[in-house]
Amino acid sequence: MISSVNRSDTAAQVAALRWYHTIDLGNGIVTPGIDQTPLRLAELDLPASLAGKTVLDIGAWDGFFSFEAERRGAVRVVASDHYAWHGLGWGTGQGKAGFELARRTLGSRVEDRDVDVLDLSPDAIGRFDVVFFLGVLYHVPNPLVALERVASVTADMLVLETVVDMVGYRRPAAAFYPDRQLNGDPTNWWGPNHAAVEGMLKAVGFSRVKTISTIRSAPYRAARAAYHRFKGKNTIAAAYRQDRAVFHAFK
Ligand SMILES: C[S@@+](CC[C@H](N)C(=O)[O-])C[C@H]1O[C@@H](n2cnc3c(N)ncnc32)[C@H](O)[C@@H]1O
């Protein structure tokens, strides 16, 4: 926690950075993230206690979910990332400064590892009771290969959050996004539907997969698509098929 002497110093350092995550650093200081992270946390349905667990947070960026795992009692937390920490078409161009400032301010013992998801292996990083793979799957060109790497370092439970697309198709399917077709971002590649995510997780060795988020009904998606069009946010067809979803998978 921040002493009152250091509060204004910390506030100035926070203000000097651009943040992805919204992190409560205590003493009334909250990082001004572009992501409404506490709202996303509520969707994940994480175990209330992670006491005694080891946790790996893949694609941790500013570290919100790593710090949350530590807060829930995890005995060891490793935050891994690569792109955002190098500003390689990712993040704020300031490397790991946000993560490091948050870790320092929170007095956190979260460890950090600079590693691409495709280089994850038990030899490289070990195996973890619980693995977070949040907001990363749609950024990898070869999702099944990435999930194989993720499965290799998961001892028990994976929490996966992703963009889904082709929602409403019963068969496993995925939308492909060449040329910035998802949100104008050239690092977005694939939007699988729920059945495709579940199928891929089983294919890489998870024995049980639970879809945590509600699969929205067609009328709901139609109303939301009309709203998106009204707001100029997305095309009606894309908004009708796209969503975000959370899955828990177990070895
Ligand atoms: C949309 S952000 C999500 C950040 C955080 N996990 C969350 O859910 O708020 C995507 C993150 O994935 C990371 N990422 C994308 N591709 C990656 C890869 N191949 N290896 C490691 N990290 C990657 C980015 O650097 C970035 O931090």
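**Entry: α2 and α3.** I looked up helix α2 (residues 37-44) and helix α3 (residues 64-71), whose axes come within 11 Å and cross at roughly 55 degrees. Helices here are DSSP runs of H or I with at least four residues, numbered from the N terminus. Axes are lines fitted to C-alpha atoms over the stretch in contact, with angles from 0 to 180 degrees between N-to-C directions. α2 and α3 are therefore oblique to each other; under 35 degrees counts as roughly parallel, over 145 as roughly antiparallel, 65 to 115 as roughly perpendicular, and the rest as oblique. The crossing of α2 and α3 is right-handed, a label for a near helix turned clockwise from the far one by less than a right angle.

I then listed the contact (heavy atoms within 4.5 Å): T37, P38, R40, L41 and L44 of α2 meet F64, F65 and E68 of α3. By class, I noted five nonpolar, one polar and two charged residues. Asp, Glu, Lys and Arg count as charged, Ala, Val, Leu, Ile, Met, Phe, Trp, Tyr, Cys and Pro as nonpolar, and the others, Gly among them, as polar.

**Note on the model.** I kept in mind that this is a predicted model, where local features need pLDDT of at least 70 and side-chain atom pairs 80 or more, while totals for chains, interfaces and linings use all residues. Residues are numbered from 1 along each chain as its sequence is written, and side-chain values use heavy atoms, leaving out hydrogens and water.

Entry: A polar backbone atom of V117 is 2.9 Å from a ligand nitrogen.

**Entry: α7 and α8.** The axes of α7 (residues 143-152) and α8 (residues 194-203) come within 9 Å and cross at roughly 50 degrees. P143, L144 and L147 of α7 make the contact with M200, L201 and A203 of α8.

Definitions and conventions
Helix = DSSP H or I, 4+ residues; strand = E, 2+ residues; numbered from the N terminus. Polar contact = N/O pair within 3.5 Å; in protein donor to acceptor, adjacent residues only side chain to side chain.
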